[in-house]
Amino acid sequence: MKKREFLKVASTITAGTIISPIAACNTATKEEDEITKFILPDLPYAYDALEPFIDKTTMQIHHSKHHAGYVKKLNAAKKGTKYDSMKLDELIANVSNKDTGVRNNGGGHFNHSLFWEILTPSSEVSLMGKLLDAINGQFDSFDRFKDLFFDAAKGRFGSGWAWLCIGETGLFISSTPNQDNPLMKKIVKENGTPILGIDVWEHAYYLNYQNRRGDYINNFFNIINWEEVAKRFEKYS
Ligand code: MN
């Protein structure tokens, strides 16, 4: 890490400022030539904070190896390309299916940055207010929403994600393969802004759950940071 980057990270930590990982990813570091270098955001809680629902070792490997790998490969893949000066959300919106490295690793960086933020160890964060009303309005009931989200996540063949998104006609549930994301206009057909997402790659659950993806998805509902999801809902709807 360059000294300037270190100081930036260190001052962020010292100030105790809560910065959205997505904002943090976007701030990254701006070089004189306007090349954005993305950095791995810190987790907003300890590696063992989500136990027993997600175990410490899974979180540690997931964040410090998998997510870190996406960041490193994204920086390498975009170097010298038209994506070099783009912020993360801009890069995701514009990525073409021909730019495989930027698509896979940009998606990986974006998706995981969102994922860490919408999880919480606190059992006191509950779903209420406008988002609850919108979920009830769109899916008839919370239980029905949960069933549909579960099916999208369980039914994703192979690796990928399930999402709750805001689209032109309101909330919808979708699923994307690999590290694709509903914001990828040139790649994903059903476009919207994801406000909640679950990683169903085996690396997200296999150590603790082995082949029981359904148990992992059900437990995911115990650690959703609904306050954070609601913030995104109000921002993007
Ligand atoms: Mn993952």
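**A buried histidine and a pair of packed helices**

With a relative accessibility of 19%, H203 counts as buried (under 20% relative accessible area, with over 50% being exposed and values in between partly exposed, for a 1.4 Å probe and protein chains only). The model is a predicted one, in which local features need pLDDT of at least 70 and side-chain atom pairs count only at pLDDT 80 or more, while totals for chains, interfaces and linings use all residues. Residues are numbered from 1 along each chain as its sequence is written, and side-chain values use heavy atoms, leaving out hydrogens and water.

Of the 237 residues in the protein chain, 46% are buried.

H203 sits in the loop between β5 (193-199) and α8 (206-209). The side chain of H203 forms a polar contact of 3.1 Å with the side chain of H62, and another, of 3.4 Å, with the side chain of D199. A polar contact here is a pair of N or O atoms within 3.5 Å; within protein, one must be able to donate a hydrogen and the other to accept it, and residues adjacent in sequence count only if both atoms are side-chain atoms. Leaving aside residues up to four places away in sequence, H203 touches T58, H62, H66, Y70 and H112, contact meaning heavy atoms within 4.5 Å.

Next comes the helix pair. Two packed helices are described by the angle between their axes and the distance between the axes. Helix α3 (residues 56-78) packs against helix α5 (residues 100-117) at about 140 degrees, with the axes 8 Å apart. The two helices are therefore oblique to each other: angles under 35 degrees count as roughly parallel, over 145 as roughly antiparallel, 65 to 115 as roughly perpendicular and the rest as oblique. Residues of α3 in this contact include H62, H67 and Y70, and those of α5 include N105, H109 and H112.

The side chain of N105 reaches the backbone oxygen of G101 at 2.9 Å. Not counting residues up to four places away in sequence, N105 touches G69, Y70, K73 and L74.

Notes
Axes are lines fitted to C-alpha atoms, for helices over the stretch in contact, and angles run from 0 to 180 degrees between N-to-C directions. Helices (H or I, at least four residues) and strands (E, at least two) are DSSP runs, numbered from the N terminus.
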